[in-house]
Amino acid sequence: EARSRGEEGYDSECAQYVWPIAKGNHEIALYAMCWWRCSEKLAGPFGSRRSTFFRFADPRLADVNHVVGARGLAEPAVLHHFAGRSKDWEFMLETFGMARRNTGNCVRVFDHVDAVAEKQQCIPGGPAITECEPPVLVC
């Protein structure tokens, strides 16, 4: 899209911060700062980003990437995920609805997800999500 405007496109310059450094540490803060700068350059400032390929969700209005913690799954979000070193695996599996012994079999996992999707309809978490159309949702 930037190239169609005669501007330089994204050359994956932020990827250098995704991988661990020599001591094994991730430089995630450097990645985030790099990506924010590139996002602003490519699509405009936070809260006013525009693209002909993507619809942007304002994370101040819709929780796009909710880390499940003390609030559990009570908060509406586009994506709930369990993060961090202190994951409660038993709670994760209970929430997912599948016994640990079955999680090593991809066919069983996919069959479980399909079965749950047939019973429970996904409901968008708020107006910002309802108005945002597929195929891609980006904050």
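Modeller: I would start with Tyr 10, which is partly exposed because its relative accessible area is 31%. Buried here means under 20% relative accessible area, exposed means over 50%, and partly exposed is what lies in between, all with a 1.4 Å probe and protein chains only. Please keep in mind that this is a predicted model, in which local features need pLDDT of at least 70 and side-chain atom pairs count only at pLDDT 80 or more, whereas totals for chains, interfaces and linings use all residues. Residues are numbered from 1 along each chain as its sequence is written, and side-chain values use heavy atoms, with hydrogens and water left out.

Biologist: OK, and how many aromatic pairs does a search of the whole structure find?

Modeller: The search finds two. In one of them Tyr 10 pairs with Trp 35 in an edge-to-face arrangement, with 5.4 Å centre to centre and 75° between the planes. The pair links distant parts of the chain, since Tyr 10 sits in the segment before H1 and Trp 35 in helix H1, 25 residues apart. The criterion is that rings of Phe, Tyr and Trp (its six-membered ring) pair if their centres lie within 6.5 Å, with planes under 30 degrees apart counted as stacked, over 60 as edge-to-face and the rest as tilted.

Biologist: Is Trp 35 buried, partly exposed or exposed?

Modeller: Trp 35 counts as partly exposed, because its relative accessibility is 32%.

Biologist: Switching to cysteines: which residues does the disulfide join?

Modeller: The structure holds one disulfide, a term that stands for a pair of cysteine sulfur atoms within 2.5 Å. The disulfide joins Cys 14 to Cys 34, with an S to S distance of 2.1 Å. The torsion about their S-S bond is about -85°, so the disulfide is left-handed. Cys 14 lies in the segment before helix H1 (28-43) and Cys 34 in helix H1, so the pair ties together parts that are 20 residues apart in sequence.

Biologist: Why do those two count as buried?

Modeller: Cys 14 counts as buried because its relative accessibility is 0%, and Cys 34 because its relative accessibility is 5%. Cys 38, on the other hand, is in no disulfide, and its nearest cysteine sulfur, that of Cys 14, is 3.8 Å away. Cys 38 is buried, with a relative accessible area of 3%, whereas Cys 106 is exposed at 53%.

Biologist: Back to the helix. Which residues of H1 are buried?

Modeller: They are Cys 34, Cys 38, Ser 39 and Ala 43. Seen down the axis of H1, these buried residues fall within an arc of 135°, so they line one face of the helix; the arc is that of the directions from the helix axis to the C-beta atoms. What covers them includes strand E1 (55-56). Helices (H or I, at least four residues) and strands (E, at least two) are DSSP runs, numbered from the N terminus.

Biologist: What does Ser 39 touch?

Modeller: Not counting residues up to four places away in sequence, Ser 39 touches Gly 44 and Arg 49, where contact means heavy atoms within 4.5 Å. Ser 39 counts as buried at 9% relative accessibility.

Biologist: Which residue other than glycine has a positive phi near 65°?

Modeller: That is Ser 12, whose place is in the segment before H1. As background, most residues other than glycine have a negative phi. Ser 12 counts as partly exposed at 44% relative accessibility.

Biologist: And where is Ala 2?

Modeller: Ala 2 is also in the segment before H1 and is buried, with a relative accessible area of 6%. Although 40 residues apart in sequence, Ala 2 and Leu 42 are 6.4 Å apart in space, C-alpha to C-alpha. Leaving out residues up to four places away in sequence, Ala 2 touches Glu 7, Glu 8, Gly 9 and Leu 42.

Biologist: Last one: how many helices and strands does the protein chain have?

Modeller: The protein chain has four helices and four strands, and read along the sequence they follow the pattern α-β-β-β-α-α-α-β. Buried residues make up 19% of its 139 residues.
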